[in-house]
Amino acid sequence: TLKHASNTDGWIFDAYRSGTEGFALWINSLEQGKAGTFGNSYNALVWSECRTHAVNFLEEYSAKLSGERKVLAEEALGYYQIVAENLKVVADLYPLGGYKEGETCPVDTTLTQAVIALNTAKEAEVKALEVLKKYVVL
């Protein structure tokens, strides 16, 4: 997760970003009216599902831990719950299906709501990654 989120060479395709840089690129694309409707909906759905799985994993995993590792896993869990909830907001705002080739997301109130949710998710992701870095060095 940490390696992928840091956009390590060989882990991310050219012109793509992951982790907090991915959120920034996504937000920027939306705000500039450049985000394709299909890609935006697809990414919202997939990343929402990924972060929901992260929540499920951390719930199960933290139950097996004790001490400082448990505290850190539960802290990361709290942040990933925020990320998952906000990515679900974006997925609900832009349901998958019925798009024309080359269509972009309109710059409107839906986009404003999506950007707020993405910024909230990004901030929580930053905090979650900081916690995971602490966990790895234990």
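Colleague: At what angle do helix 3 and helix 4 pack?

Modeller: This is a predicted model, so local features need pLDDT of at least 70, side-chain atom pairs count only at pLDDT 80 or more, and totals for chains, interfaces and linings use all residues. Residues are numbered from 1 along each chain as its sequence is written, and side-chain values use heavy atoms, with hydrogens and water left out. Helix 3 (residues 37-62) packs on helix 4 at about 155°, and their axes are 8 Å apart. Axes are lines fitted to C-alpha atoms, for helices over the stretch in contact, and angles run from 0 to 180 degrees between N-to-C directions. Helices (H or I, at least four residues) are DSSP runs, numbered from the N terminus.

Colleague: Which way does helix 3 run against helix 4?

Modeller: Helix 3 is therefore roughly antiparallel to helix 4 (angles over 145 degrees).

Colleague: And what about helix 4 and helix 5, how do they cross?

Modeller: The axes of helix 4 (residues 67-93) and helix 5 (residues 109-137) come within 8 Å and cross at roughly 160°. Helix 4 and helix 5 are therefore roughly antiparallel too.

Colleague: How many residues does helix 5 have, and how far does it reach?

Modeller: Helix 5 has 29 residues and reaches 43 Å from first C-alpha to last. That is close to the 42 Å expected at 1.5 Å a residue (1.5 Å times one less than the number of residues).

Colleague: New topic. How many salt bridges are there?

Modeller: Four. A salt bridge here is a side-chain nitrogen of Lys or Arg within 4 Å of a carboxyl oxygen of Asp or Glu.

Colleague: What does E125 pair with?

Modeller: E125 bridges to R51, with the closest N and O atoms 2.8 Å apart. E125 is in helix 5 and R51 in helix 3, so the pair ties together parts 74 residues apart in sequence.

Key:
Helices (H or I, at least four residues) and strands (E, at least two) are DSSP runs, numbered from the N terminus. Angles under 35 degrees count as roughly parallel, over 145 as roughly antiparallel, 65 to 115 as roughly perpendicular and the rest as oblique.
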